Amino acid sequence: MALVSPPVRTDRPVLVVGLKDAVWRYADGTLRRLSHAEAVRHARSETPLLCHLPAVCRRLKTERFPAFDILELYAFVRPASFCLPTPTGVAQALGLLPPGPAHPLQPERQAEILRACARALLRELQTLDRKRWRTRGIAETMARHGWAWGEAVLMALPAFDGHGEGRATPGVGVWEDLPEWSETAPQPQADSIPVTSTETRDRLRHLLGTDSEDRPSQADYASALVPAFAPRDNEDEPHVVLAEAGTGVGKTLGYIAPSGLWAEKNRGPVWISTFTRHLQHQIDGELDRLYANPALKAEKVVIRKGRENYLCLLNLAELAGELGQRPLDAIAFGLMARWAMATRDGDMAGGDLPGWLPDILGQARTMGLADRRGECVYSACPHYGRCFIEKSVRRARKAEIVIANHALVMIQAALGPEEQNLPTRYVFDEGHHLFSAVDSAFAAHLSGQEATDLRRWLIGGEGGRRSRARGLRRRIEDLVLDDARGLELLDAIMSAARALPGDGWHQRIADGLPGNQSEAFLATVRGQVLARAPEDRAGYSLECATQPVDPRVIETAEALDLALKHLQVPMRELAQRLAKRLDTDADVLDPTTRLRIEAMARGIARRAENELTAWREMLASLKSETPPDFVDWFALERSDGRELDVGLFRHWRDPMRPFAEVVARPAHGIVVTSATLTDGSGTAESWGGAEARTGARHLPKPAFRVRVPSPFDYPAQTRVMIVNDLARDDMEQIAAAYRSLFLAAKGGALGLFTAISRLRAVHRRIAPALESAGIDLLAQHVDAMNTATLIDIFRGEEDACLLGTDAVRDGVDVPGRALRLMVFDRVPWPRPDILHKARKEHFGGTEYEDQLTRLKLKQAFGRLIRRADDRGVFVLLDKAMPSRLLTAFPEGVAVERVGLKQAIEVTADFLQHRAENHT
């Protein structure tokens with residue numbers, strides 16, 4: 001088909017906004033510098049072309065306005081395709097700029113490149129030859145509801161003539177085009193054939209290829225994991241290997257070698273579990289080496305996540321059906337429908353959904369389309385046979401390598417016999433996060449948010465508001481229609497569930513007007529926290545011990561316990577009656593209905609036995625004392641002065657005890673690996689702390705300990721300085737230090753903070769100076785983008801700077817010059833809350849606290865050097881850093897205590913030398 005000139009609407013004015021002013025480019029190429037106020041006036045009258053409307057509006061401090069957002073067009077033309085959400089990123093993805101880390105473009109050049117990007121995308125749309133009829137149908141729907149790009153897209157798309165595509169009309173039912181899955185016979189139990197060290201080294205060489213460099217440390221690491229893949233000697237005695245592999249060893253391929261070998265020999269799965277979604281997909285990429293054939297890899301490798309990560313087709317279809325009443329949702333529906341046409345597996349969190357799309361469309365219209373509250377109707381869903389989640393679950397049952405995450409592993413193992421084919425072999429990567437993941441999984445929170453979620457799961461949407469929330473009655477009523485007692489129980493559950501918090505509970509308890517038993521309890525808990533918390537903390541979260549308990553709390557706790565009992569009893573009986581049908585009606589139940597009854601019985605029983613039992617036990621403890629294995633407290637959670645949640649919280653004092661019982665003992669072999677399993681102190685307590693944080697000390701068989709040092713020359717590649725002439729609580733001084741160090745490095749800097757308020761205070765003070773120097777400053781908790789997207793931009797723009805907290809530190813993997821300076825605002829001591837106080841007493845006092853702090857420093861430093869030719873500077877702006885914590889840094893690295901002036905000079909000189917060598 002001959003291409004014509006791009007139709008339309010690329011002649012729009014272009015808007016690029018900086019921190020201090022904006023650039024407005026007219027269709028004829030004329031440029032004007034505008035103040036932010038002038039830019040707002042122009043934008044509201046002329047509908048400009050721009051990149052990332054929410055970020056632009058945030059910078060202009062204005063509400064959204066109509067615009068041609070290049071990211072919307074990109075998401076339509078190239079669904080399930082990655083690009084950075086910047087003019088440079090879009091241009092690189094389209095081949096208009098060379099790939100790789102980029103230097104920031106001047107605003108004038110950004111404006112020029114945005115117009116070129118629009119033209120390129122519309123030309124690409126003209127060549128579309130797959131599902132044109134469906135794509136046009138979606139575009140027509142979006143255009144009809146006012147999509148800015150609608151006219152241009154329809155002009156670029158060939159008109160549908162009804163021939164050759166098997167449809168009379170285009171339509172928007174993208175779910176109809178998805179392939180269906182089918183049930184297969186259960187998989188046999190895996191064998192127990194061991195793998196040898198020699199086999200593992202051979203497999204690693206095969207994975208690396210003949211042209212790869214010799215990495216003896218990687219081979220030593222892979223070989224050291226072999227004991228975890230040996231046959232188990234006794235029941236409940238797994239082989240456990242704790243393997244610390246320094247940065248640069250290549251641990252991913254190191255553990256893939258024995259894992260793939262064992263899975264192949266034994267025809268059973270190895271579950272590789274990570275903490276971050278980013279690493280799940282990084283591991284998936286590395287497995288291309290093991291399964292070079294994409295079709296074979298699709299059969300052998302599965303990424304598994306919780307249901308809340310996947311697109312629910314029923315939610316998408318219901319959104320489509322509501323467009324007549326909610327036209328503003330049409331753009332979101334269209335872009336999500338286009339993504340559904342192209343996605344690999346429907347994974348919205350870390351998969352192929354662009355991380356910036358929820359920023360553009362809103363969380364409710366993107367991530368809100370997942371089954372986030374367990375409201376699935378299973379086989380009653382018209383899209384069940386095409387469901388992304390069900391397809392993933394079934395593929396995982398036959399896969400050799402399942403790439404999961406720590407939270408999902410805990411849930412799957414806790415279900416025990418309910419789950420088919422639990423693995424006998426696990427590899428826990430990012431093992432330093434295992435403790436916190438387990439802690440979250442086995443905790444119990446009787447809070448407003450948790451109780452509201454249970455009410456919504458039971459009752460569904462309320463109050464006449466349009467909602468896709470499906471209550472229990474909608475999910476199972478057809479399963480109990482012929483059971484009078486079942487219907488009675490369902491009615492009893494619906495009635496009892498109204499004792500849980502309803503919409504607007506925050507305001508009612510703040511006003512002292514609780515609407516039911518749970519809200520009355522939450523109100524008295526809130527009162528005790530406000531009365532006893534040591535200080536107001538300027539709008540941040542508050543907490544207090546449960547004992548001695550306020551008599552008013554006891555009174556409302558007793559009433560709530562009775563209300564929960566009235567809910568729990570019929571839920572238990574209904575779950576039992578459903579389960580009994582599997583036996584009594586075995587001869588008439590079709591397979592899909594049987595699976596649905598099984599799932600619903602499990603779901604109801606799980607909430608009745610786990611959630612409600614835990615809550616009732618917590619309430620009972622208020623009248624006596626907390627069991628010694630647990631820590632209880634009251635908390636009022638707030639952010640920026642806004643109350644988010646309030647309730648009674650219970651955590652295990654040592655959460656690795658239930659982990660050892662539920663996850664580790666049933667397994668045959670476990671690898672826990674990280675670059676930071678130990679704190680670097682070199683003491684006997686260092687490995688002891690690792691065994692405590694991984695649960696190994698609760699198992700009968702001692703763990704194998706492995707430590708493979710990093711191949712990097714840290715003394716030559718890094719400088720570490722502690723600035724000793726700053727007042728750490730004077731934000732003017734701290735901000736001046738960040739500004740000066742970032743400018744000395746000429747960008748490529750990561751600023752880490754122990755508190756969000758400090759991050760925002762520094763950002764406000766240093767952003768103008770960095771912009772004047774041509775350095776892009778990104779900031780978590782400031783920019784209108786999620787953390788993963790911010791990190792992607794930081795990685796892709798060589799001279800950008802990024803400010804963040806723990807989530808940024810844990811998620812950064814930036815080799816090369818894009819990260820050459822790391823500045824930490826102060827010593828990252830653990831937060832001195834009630835839970836930490838209890839664990840400090842349990843795990844060893846001050847030494848435990850020091851271990852946690854050394855680990856945070858070690859983890860942060862480890863992000864600085866990712867390749868043999870990297871050079872980097874690490875600066876801590878806290879003169880109170882104790883010398884006993886300096887072992888967190890690699891052996892041989894000199895830690896200097898210097899003034900700010902010297903730190904700036906050293907940073908500039910050291911990194912300039914690196915830049916000259918790089919050039």
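**Exercise 1.** How are α33 and α34 oriented to each other: roughly parallel or roughly perpendicular?

*Solution.* The structure is a predicted model, in which local features need pLDDT of at least 70 and side-chain atom pairs count only at pLDDT 80 or more, while totals for chains, interfaces and linings use all residues. Residues are numbered from 1 along each chain as its sequence is written, and side-chain values use heavy atoms, with hydrogens and water left out.

Step 1. Helices are DSSP runs of H or I with at least four residues, and strands are runs of E with at least two, numbered from the N terminus. Helix α33 covers residues 834-843 and helix α34 residues 846-862; their axes lie 7 Å apart, at an angle of about 115°. Axes are lines fitted to C-alpha atoms, for helices over the stretch in contact, and angles run from 0 to 180 degrees between N-to-C directions.

Step 2. Angles under 35 degrees count as roughly parallel, over 145 as roughly antiparallel, 65 to 115 as roughly perpendicular and the rest as oblique. The two helices, α33 and α34, are therefore roughly perpendicular to each other.

Step 3. From α33, His 836, Arg 839, Lys 840 and Phe 843 take part in the contact (heavy atoms within 4.5 Å); from α34, Thr 846, Tyr 848, Glu 849 and Leu 852 do so.

**Exercise 2.** Determine how α21 packs with α24.

*Solution.* Step 1. Helix α21 (residues 484-496) and helix α24 (residues 551-584) pack at about 150°, with axes 9 Å apart. That makes α21 roughly antiparallel to α24.

Step 1. Among the residues that meet are Leu 489 and Ile 493 in α21, and Leu 567 and Leu 574 in α24.

**Exercise 3.** Is Gly 334 buried or exposed?

*Solution.* Step 1. Gly 334 is located in helix α14 (residues 330-342).

Step 1. Buried means under 20% relative accessible area, exposed over 50% and partly exposed in between, with a 1.4 Å probe and protein chains only. At 0% relative accessibility, Gly 334 is buried.

Step 2. Not counting residues up to four places away in sequence, Gly 334 touches Ile 138 and Met 142.

**Exercise 4.** How many residues of α16 are buried?

*Solution.* Step 1. In helix α16 (residues 388-398), 8 of the 11 residues are buried, so α16 is largely enclosed by the rest of the structure.

Step 1. The buried residues include Phe 388, Ile 389 and Val 393. The partners of the buried residues include α14 and β9 (401-405).

**Exercise 5.** What average pLDDT does the protein have?

*Solution.* The average pLDDT, the predictor's confidence in each residue from 0 to 100, is 90. Over residues 1-8, pLDDT stays under 50. Where pLDDT is low, the predicted coordinates should not be read in detail.
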